[in-house]
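Here is a short report on how two ligands sit in a protein. Look at the structure, then read on.

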Amino acid sequence: MDDLLLLILCSPSGAGKSTLTRFLLEALPEVTFSVSHTTRKPRANEVDGVHYHFVDKDIFARMVDAGAFAEWAHVHGNMYGTSTSEIDRAKREGKRVLVFDIDYQGARQIKAKLPEAVGVFILPPSMPELRRRLESRGTDAPEVIERRYQKALVEIEHYGFFDYLIVNDDLSRAQQALLGVTLAERHRRVRLAPVAEQLLRHGTLESR
Ligand code: ADP
Ligand code: 5GP
């Protein structure tokens with residue numbers, strides 16, 4: 001098993017993936033975020049290269065043809081994809097956890113290619129609360145919010161594909177649950193076996 005934990009976060013839009021991802025990035029320095037490509041237009045608070053690589057449809061299609069994506073999908077009327085170079089970057093930077101904020105179609109494709117990836121599905125506490133969060137975020141037009149809300153149950157129906165479920169009701173509880181899952185997965189014996197082997201061979205872990 002690779003030393004890099006591939007952590008997929010998935011949920012209906014508005015359930016709190018981005019909020020929980022931000023928390024994990026601040027809590028653990030060994031975590032990095034997989035910056036996806038998308039044909040969606042940037043929101044007011046979004047920075048190119050930080051939240052997404054914002055590209056037009058032609059560039060996205062060319063990247064698909066060139067095999068640049070580990071996964072890609074149509075989501076809510078736009079195209080989104082994870083470039084293989086994001087996984088290479090995380091390894092190059094010596095990160096231990098790579099977080100993917102992707103939909104269930106992307107999760108399926110990543111798991112097919114990289115079965116050791118760990119999937120976490122975030123559930124909203126209720127459907128009215130999900131709608132309230134979509135509206136209170138204040139980033140999307142009413143018709144966009146409606147489209148995302150209408151797709152939410154279809155997305156939640158895919159929960160069975162994931163390894164962990166977190167109900168994002170009280171935010172700090174959800175944050176602690178995500179931290180717990182991440183740390184537990186980081187400490188799986190198969191992932192840390194090379195550490196024990198290094199200790200046996202060299203008597204120290206200092207070069208890690
Ligand atoms: P997603 O990335 O899944 O689309 P966001 O992280 O953008 O969702 O969250 C949607 C909105 O809900 C944001 O305004 C966020 O501040 C709010 N939010 C997230 N988690 C909670 C929570 N546990 N309680 C209340 N509001 C929350
Ligand atoms: P948003 O437009 O709110 O940023 O994201 C909409 C949906 O697209 C979310 O469910 C998000 O997880 C998903 N998404 C973001 N990036 C990717 C990606 O690279 N691949 C896939 N398959 N979905 C993505």
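## Ligand 1

Threonine 19 has a polar side-chain atom 2.6 Å from an oxygen atom of ligand 1. This is a polar contact, meaning a pair of N or O atoms within 3.5 Å; within protein, one must be able to donate a hydrogen and the other to accept it, and residues adjacent in sequence count only if both atoms are side-chain atoms. The model is predicted: local features need pLDDT of at least 70, side-chain atom pairs count only at pLDDT 80 or more, and totals for chains, interfaces and linings use all residues. Residues are numbered from 1 along each chain as its sequence is written, chains are lettered from A and ligands numbered from 1 in the order in which they are written, and side-chain values use heavy atoms, with hydrogens and water left out.

Glycine 14 uses its backbone: a polar atom there is 2.8 Å from an oxygen atom of ligand 1. On its own, ligand 1 has 570 Å² of accessible area, and the protein covers 79% of it. Such areas come from the Shrake-Rupley method with a 1.4 Å probe; for residues, only the protein chains shown count as cover.

A residue counts as near if one of its heavy atoms lies within 4 Å. Helices (H or I, at least four residues) and strands (E, at least two) are DSSP runs, numbered from the N terminus.

## Ligand 2

Around ligand 2 there are 17 residues, with Ser36, Arg40, Tyr52, Tyr80 and Arg148 the closest. Strands E5 (69–75) and E6 (78–83) each supply at least two residues of that shell.

Taken alone, ligand 2 exposes 510 Å², and the protein buries 96% of that.

## Residue classes

The shell of ligand 2 has five nonpolar, five polar and seven charged ones. Ala, Val, Leu, Ile, Met, Phe, Trp, Tyr, Cys and Pro count as nonpolar, Asp, Glu, Lys and Arg as charged, and the others, Gly among them, as polar.
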